[in-house]
Amino acid sequence: MTTDLTFFTNEEGRTLVDRFKDLIGDDTKALDVLVGYFNISGFYLLQDALEKVDSIRILVGMGIDRKTYNIISQANFEYSKPKLIEEETKNAIIQEMNTSEDSYEIENGIEKFVRWLEDGKIQIKAYPESLHAKVYILSFDSKRDKGRVI
């Protein structure tokens, strides 16, 4: 077992996405995510790596962007959106829509996200209080070990 204490610096090859791509393998059974904010536009970066993962659970503490909320709503999922998250999300909606690029990869990622929501592979819940932590737990089903925490 290796212990990687490398910092994510957003330099090429040293981003959180790079680390996920290194860790997520055929033996990754679950990904649990705890984040303050969740934006749909970056999902496409990991969609291929997450293909074989059985379960993706996301707990959001501060807010999601409007695009993500609309996608979840269209997939007929119950999503409790407390007032705090609604207020915090208003400004993020404008920012996300103004800065996300329009591309085939992002559109494909959104379609896959919706399909996985409908299939139950992805579950999203909102924490009703302010929560800005970032924790990612990958659970393995192999001899590699039990999993990793970022």
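Modeller: Helices (H or I, at least four residues) and strands (E, at least two residues) are DSSP runs, numbered from the N terminus. This is a predicted model, in which local features need pLDDT of at least 70 and side-chain atom pairs count only at pLDDT 80 or more, while totals for chains, interfaces and linings use all residues. Residues are numbered from 1 along each chain as its sequence is written, and side-chain values use heavy atoms, with hydrogens and water left out.

Biologist: In what order do the elements of the protein chain run from the N terminus on?

Modeller: The protein chain has four helices and five strands. From the N terminus on, the order of these elements is α-β-β-α-α-α-β-β-β.

Biologist: What percentage of the 150 residues of the protein chain count as buried?

Modeller: Buried means under 20% relative accessible area, exposed means over 50%, and partly exposed lies in between (1.4 Å probe, protein chains only). By this rule, the buried share of the 150 residues is 39%.

Biologist: Where in the chain is the place of Asp 27?

Modeller: Asp 27 counts as buried, because its relative accessibility is 15%. Contact means heavy atoms within 4.5 Å. Apart from neighbours within four places in sequence, Asp 27 has contacts with Ser 139, Phe 140, Asp 141, Ser 142 and Arg 144. Asp 27 itself is placed in the loop between H1 and S1.

Biologist: How far apart in space are Asp 54 and Asp 27, C-alpha to C-alpha?

Modeller: Asp 54 belongs to the loop between S1 and S2. Not counting residues up to four places away in sequence, Asp 54 touches Thr 28, Lys 29 and Lys 121. Asp 54 and Asp 27 are 27 residues apart in sequence, and their C-alpha to C-alpha distance is 10.0 Å.

Biologist: Which residue just after H4 takes a positive phi?

Modeller: Within H4, the buried residues are Ile 106, Gly 109, Ile 110, Lys 112, Phe 113, Val 114, Trp 116 and Leu 117. Just after H4, a positive phi of about 85° is taken by Gly 120.

Biologist: How are the planes of Phe 43 and Phe 113 arranged?

Modeller: Rings of Phe, Tyr and Trp (its six-membered ring) pair if their centres lie within 6.5 Å; planes under 30 degrees apart count as stacked, over 60 as edge-to-face and the rest as tilted. A search of the whole structure finds three aromatic pairs. The ring centres of Phe 43 and Phe 113 are 5.1 Å apart and their planes stand at 75°, so the pair is edge-to-face.

Biologist: What is the angle between the planes of Phe 43 and Trp 116?

Modeller: Phe 43 and Trp 116 are both buried. Phe 43, Phe 113 and Trp 116 form one aromatic cluster. The ring centres of Phe 43 and Trp 116 are 5.7 Å apart, and the pair is edge-to-face because the planes are at 85°.

Biologist: Which residue has its charged end over the ring of Trp 116?

Modeller: A charge sits over a ring if NZ of Lys or CZ of Arg is within 6 Å of the ring centre and within 35 degrees of the ring normal. Over the ring of Trp 116, 3.8 Å from its centre, sits the charged end of Lys 121.

Biologist: What is the relative accessible area of Asn 10?

Modeller: Asn 10 is placed in the segment before H1. Although Asn 10 is not a glycine, it has a positive phi of about 65°. Asn 10 counts as exposed, because its relative accessible area is 66%.
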